[in-house]
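Let's take a look at some charged pairs in this protein chain. Have the sequence and the 3D view open while you read.

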Amino acid sequence: MDKKKHESYMSWAIALAMEGRGRTSPNPVVGAVVVRQDEIVGEGYHVMAGTPHAEIYALNNAGKNAQGADLYVTLEPCCHFGKTPPCVDAIIRAGIRRVFIGAKDPNPLVFGKGMRFLKKAGLEVHVGILKEKCLSLNDAYNKFITTNIPFVIAKVAVTLDGKIATQNGDSKWITNAACREYVHRLRSSVDAVMIGGGTVRRDDPRLTVRLENFRGRQPIAIVVDDCLKISRDSRVFKTRNRRVIACTTVKATKSRIRQAEKSGVEIIRCRSNSNGLVFLPHMLSLLGKAGVTSILLEGGGSLFADFMRRGLLDKLVVCISPKLIGAGGMDFLPGISIGRMKDAIGIGHVEIKTINDNVVIEGNMR
């Protein structure tokens, strides 16, 4: 079998894996196909955390055709007991002859061990087919499983002159409706959406996923506010059946904390930085302990700047609209000033897409 056929089957497994996005956390998204005599006879993907893994769905779909067949899977099969039994046992029992793996699982409980287990059982194992694409499926998982720190994506909507709002704080709407729908799809793929308390007071957002026929879970709403000066009538607190977390400091009074907790808000008390604001590294550590694996940061400018200044962003998504506000508008990164172009903050693995008259630039922080 030539390289193109290997990559073709792995590409299909990648496409299947993406069907599980937004529903598998804290697990990775994974896709798998069973191939026999150059024909796909079984396929599957990890549908939701707590359900069988992709390999099990694919093997069950293949049935007796799995005997003597090849298995293509985007991530190394697990070899430990979690909420489900080890996938390597099922692969061996099914009679699979060869296993082609996209990327090793960075989970210390698995890394390389699943491959060794299969080889010891006599299976032929190959790894690295479309490795980068398979790894990029699980940026958040790959970081969280090795650091216990959430993967942070900053999403910002800006005008052509780099403003996130007018001088009066008006930001509705900078981008077009189709671009805003794209942002809702981003929200549906993460554990949590985060904003600062000032943005809550100014814009009163809901931070929900509002897509037609959306049946996934709503992301956790995280509000960062050192004093917790947020009205209990804010819309972010009004959405039913979803988790809301307020990250604050010792400056939050007991009465404000009680008021928030009566509204069902979880309070996370963080250390303060030198300016008395929430110390972001400590906050991210506590959110990781609370089970948050990925965050979409949506503002405002001071929070963007603090994350950027401390090097805590993993990815940046910039939605650009063909509008101009002028010098009085609010900046994306207030307080950050770089004197030399060679010291500018860099972004790698850049992707650019157009959404009607808007442009979206995405990239990983260097």
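Lys3 is exposed, at 60% relative accessibility; here buried means under 20% relative accessible area, exposed over 50%, and partly exposed in between (1.4 Å probe, protein chains only). Keep in mind that this is a predicted model, where local features need pLDDT of at least 70, side-chain atom pairs count only at pLDDT 80 or more, and totals for chains, interfaces and linings use all residues. Residues are numbered from 1 along each chain as its sequence is written, and side-chain values use heavy atoms, with hydrogens and water left out.

Lys3 pairs up with Glu7 in a salt bridge, that is, a side-chain nitrogen of Lys or Arg within 4 Å of a carboxyl oxygen of Asp or Glu. Both sit in helix α1 (residues 3-17), four residues apart, about one turn of the helix. Helices (H or I, at least four residues) and strands (E, at least two) are DSSP runs, numbered from the N terminus. Glu7 is partly exposed, at 26% relative accessible area.

| Salt bridge | N to O distance |
|---|---|
| Lys3 and Glu7 | 3.9 Å |
| Lys155 and Glu298 | 3.8 Å |
| Asp225 and Arg201 | 2.6 Å |

Asp225, in the loop between β9 (220-224) and β10 (244-248), and Arg201, in helix α8 (residues 197-203), link distant parts of the chain, 24 residues apart. Asp225 is buried at 4%, while Arg201 is partly exposed at 48%.
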